[in-house]
Amino acid sequence: MNRGESYQGITRRDAARLTVAALAAEITGGIGMSQPADLCFLPAVELAKLLKTKKLSARELLEASVKQIERVNPKVNAIVTLVIEKAIDQAKRADEAIAQGQLLGPLHGLPVAHKDLHETKGIRTTFGSRIYKDNVPDSDAIIVERMRRAGAVTLGKTNTPEFGAGSQTFNEVFGRTLNPYDLTKTCGGSSGGTAVALACGMVALADGSDMGGSLRNPASFCNVVGLRPAPGRVPSLSQTNSWASLSVDGPMGRTVADVAFFLSAIAGPDSRSPIAIDEPASRFAAPLERNFKGVRVAWFKDLGGIPYDPRIRTVIDAHRKTFDALGCIVEQAEPDFTGADESFKTLRALGSLAARGELVRTKRELIKDTIIREVEAGMRLTAAQIARADALHSAMFKRFHDFFQKYDYFIAPVTQVPPFDVTTPYPTEVAGVKMETYIDWMKSCYYISITGHPALSVPAGFTPEGLPVGLQIVGRHRDEWSVLQLGHAFELATGAGKRRPASTA
């Protein structure tokens, strides 16, 4: 294990003695069962069927996942807290239940990991912060709670930047998470550890969150799938503003079908959240196949003038023909993005002040400078600026709503740049254009966030250097189902997501 890993429930010395062979024996009850490495890369929907039909046991699948983590995680540092003993107990319970004809839920026996921003009862949750490096919550985040109830087996926590701030995964507690397609590059963020764990076959599914692109950016950088759902689709709790809609929790997986299946277990109403969508989650478990003949697709221009690395444009523009082949009517068009940047940055600064203002006041020396600057920007806001941001926010939603009266989907790149050097905190220039802040290079994502519309990152191909590029599919308000359907069709047409990183070989 690399030095970035820790264990809740067993000491480091015990962990060092707990070899893969010993784990395998304990997990499988000493029967010596061996599993092919390819098992770890099977889609979650296929694994769920194998578990349900007793063709695979939860303990056998856990053994394969533990072996994969032991083999690959030291290279990439994706899973930073492991709870193997807890996972063994959960897998045993899953196998005992299925032996009695009882399915624990849709995620029965599937190994999963939780982003280190999501609170996990009895499991260390650091938020990537030195302030919380020894924090062990006494309750679960709603998304974690729902995954447990659905029968998932928790293997551990995935790395994230400090408090999830920024789309590059590094912090002072666990260090950097590396891109499995090129270990010198970033995996993105803030759900970077999640994306890498999936890309490397360590877990079947893993959760994430997204304010300015944190589900979509790392999915794009790591050749997996990430869905930013509509606010309230996956309810969450807030200590500062329960009505806030910029940040959402959501699913990540290796295929679009896996993400839809995952969403069927974590979506749905919850009385603890005032913006929770009162619709059942079961619809997301239905088949995704659909005819797209005559569907109107709007193809991006430049999102109001933001720069793109030419390598990104080359990969994405090549797929106009893919949508043509699916039967779509593709036109170059986009809504007016006036005010998107101002409203997002103002509301983000306001949220940062509410969430971390007191920490900056009392523990400033333990917080990274970009977060301090964000909080201080919130402190400088006037009532007039906040009111203007709210008005711009509303206007942006209305323009998107009106735009989607003509078009069924909006297509754009996920990111403005390919994965960059892992030692670079954030790009300061894109295509010769200077970036003013540490998040400006993510306008391609946060311009969509401010609209409140669902958006999917799906693998689209690779740069000449072999770096992954993601395509972003944006749909109508609260219409994640339709977005997932088009993403599924695109995925089948291209096969880009099938390419595994060399670091897992």
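Predicted model: local features only at pLDDT ≥ 70, side-chain atom pairs only at ≥ 80, totals over all residues.
A residue counts as buried when its relative accessible area is under 20%.

Strand 4 covers residues 153–158. Six of its six residues are buried, so strand 4 is largely enclosed by the rest of the structure.

Which strands pair with strand 4? Strand 2 is one of them, and it runs antiparallel to strand 4. Within this pair, Ile 79 has Thr 158 in strand 4 as its bridge partner. Strand 3 also pairs with strand 4, but in the parallel sense.

Strand 17 spans residues 455–462. Is strand 17 mostly covered or mostly open? It is mostly covered, with eight of its eight residues buried.

Strand 10 runs antiparallel to strand 17. In this pairing, Gly 226 stands opposite Ser 457 in strand 17. Strand 18 pairs with strand 17 in the antiparallel sense too. There, Val 458 has Leu 471 in strand 18 as its bridge partner.

Strand 17 and strand 18 form a hairpin. Five residues lie between the two strands.

| Strand pair | Direction | Bridges |
|---|---|---|
| Strand 2 (residues 79–82) and strand 4 | antiparallel | three bridges |
| Strand 3 (residues 111–115) and strand 4 | parallel | five bridges |
| Strand 10 (residues 225–228) and strand 17 | antiparallel | three bridges |
| Strand 17 and strand 18 (residues 468–474) | antiparallel | seven bridges |

**A pair of packed helices**

Two packed helices are described by the angle between their axes and the distance between the axes. Helix 12 covers residues 340–363, and helix 13 covers residues 369–379. Their axes are 7 Å apart and meet at an angle of about 110°. Angles of 65 to 115 degrees count as roughly perpendicular. Helix 12 and helix 13 are therefore roughly perpendicular to each other.

Which residues make the contact? From helix 12 they include Leu 350, Leu 353 and Val 360. From helix 13 they include Ile 371, Ile 372 and Val 375. Charged residues take part as well: by class, the contact has nine nonpolar, three polar and four charged residues.

Note on methods: Residues numbered from 1 in each chain as written. Heavy atoms only, no water. Axes fitted to C-alpha atoms, helices over the stretch in contact; angles between N-to-C directions. Helix = DSSP H or I, 4+ residues; strand = E, 2+ residues; numbered from the N terminus. Parallel < 35°, antiparallel > 145°, perpendicular 65-115°, else oblique. Contact = heavy atoms within 4.5 Å. Nonpolar A, V, L, I, M, F, W, Y, C, P; charged D, E, K, R; others polar. Buried < 20%, exposed > 50% of the residue type's maximum accessible area, 1.4 Å probe, protein only. Pairing = 2+ DSSP bridges.
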